[in-house]
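Welcome! Have the sequence and the 3D view ready, try each exercise yourself, and then read the solution.

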Amino acid sequence: MPNQRLLARFDIIVSMKILAAPLIATEKADAQYYLCRNLADLFVQSGHTCMISASRANGFRKASLYPSVPLKKPLFTEAGHSYEEWLYAAGAGSERWLSSDVDNLLETADATHPDLIISMDRIGAVIAARLRNIPCISFVSSAVFRTSSLPPKILRGTNQVLSAYHLEQEFSLADFYRRFGRLFAFGTAELQSFPSDLSVERIGMPHIMPVRTARTNRVVIFLGSCGKRASFLCQIIREAFLGAPYAVYAWYPGVRPEKDANLHFIENPRPDLIAGAFACIHDGNPYLFQNAIAQGVQQLIITDHSYPRIYTAQTAQRSGCGLYLYEEELSMSSLYETYRRLVSDDVHENHTLRLKDDLVSLGDLTELLNRI
């Protein structure tokens, strides 16, 4: 059923053609995918035309899909702590891929004539918008603006593409985002702290789902970016939670869907299960992190050392809404013991509820309609 709050706005909204360009590294699982799916729902229900540049495998239903250039991860490259290193490790920082991506987005823009381009970690979208003089907004994390040193090769491809289009060279992608378009971020200043001289427009929640207050004793587990084998994850989840007096819903790449007593191994990730859950165990996905806070659900994050997972994990622990565990430390005993610490008293839940009130006060994704 259409969202009545959105339909009521038809009399004041001028219909726009909006091109969303997410960088989806994990099909149907990463933060950009969830956000883009919500944006499609929001724009279509509000009378706008929504177009998405992404792989067909992601299966967006409410928007016109324009296939993007496939990502090819560089060999022997680890995702470092910085945003730039993460993009490079994801395959989005090479000159060859970025040049192809800009060309692809320029062709899409010339064919569709969008009124607005939205970038989600697709710097090619920002470049294409600049070249065609199309308004552009970018969703960013505060981790992008942390000072960090980079190996010279990391930005070489980006600067080669910028040079080819006679645009300014950059020493960091923080400078790049400062230079081009408007910036949006999800979360409060406590969860996302930006430099005082940076203009960032805040929105509370990256979704338009209702916030639930009722609690169940359900635990949800989403490990889409975890580097461990599916067989290993299945084994430790079984050993840690089988027979517990609560339902556990688990998803990870390669999962075999089945139900065994209180364990539910599900075919696809379902963020909607977070609402009403008692705890959420996930891989540091920023969308799941914000969603859990918005629903008042305490978190256990299984992380590696790369952006954005470690940044999300450290934010959860620093703000008091959760704990984190490194992948290399992951075992049945460490998983259960860290989970036990998370839920053994009310401290994490109380911090989460405080954060929830602040987050909800900033509004949900429908706030974007007031800004574009």
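An angle between two directions counts as roughly parallel under 35 degrees, roughly antiparallel over 145, roughly perpendicular from 65 to 115, and oblique for the rest. The model is predicted, so local features need pLDDT of at least 70 and side-chain atom pairs pLDDT 80 or more, while totals for chains, interfaces and linings use all residues. Residues are numbered from 1 along each chain as its sequence is written, and side-chain values use heavy atoms, without hydrogens and water.

**Exercise 1. Describe how α9 and α12 pack.**

Step 1: Two packed helices are described by the angle between their axes and the distance between the axes. Axes are lines fitted to C-alpha atoms, for helices over the stretch in contact, and angles run from 0 to 180 degrees between N-to-C directions. Helices (H or I, at least four residues) and strands (E, at least two) are DSSP runs, numbered from the N terminus.

Step 2: Helix α12 covers residues 347–361, and its packing angle with α9 is about 100 degrees, with the axes 7 Å apart. The two helices α9 and α12 are therefore roughly perpendicular to each other.

Step 3: Look at the contact (heavy atoms within 4.5 Å). From α9 come Gln290, Ala292, Ile293 and Ala294, which meet Thr352, Leu355, Lys356, Leu359 and Val360 of α12. Sorted by class, this contact has 6 nonpolar, 2 polar and 1 charged residues. Here Ala, Val, Leu, Ile, Met, Phe, Trp, Tyr, Cys and Pro are nonpolar, Asp, Glu, Lys and Arg are charged, and the others, Gly among them, are polar.

**Exercise 2. Trace the open sheet with parallel pairing.**

Step 1: Two strands pair if DSSP finds at least two bridges between them.

Step 2: At the edges are β3 (64–66) and β7 (201–203), each pairing on one side only. From one strand to the next, the twist averages 25 degrees.

Step 3: Zoom in on β4 (residues 116–120) and β5 (residues 136–139), which run parallel and are joined by 3 bridges. Opposite Ser119 you will find Ser138 in β5.

**Exercise 3. Which residues lie nearest the centre of the largest pocket?**

Step 1: A pocket, on a 1 Å grid over the protein atoms alone, is an open set of points where a 1.4 Å probe fits, with protein on both sides within 12 Å along at least five of seven lines; lining residues have an atom within 4 Å of a point.

Step 2: The lining has 43 residues, and Ala31, Gln32, Trp86, Pro286 and Pro308 lie nearest the centre. By class there are 21 nonpolar, 14 polar and 8 charged residues.

Step 3: Look again at Pro308, in the loop between β13 and α10: the peptide bond from Tyr307 to Pro308 is cis, with omega near 0 degrees.
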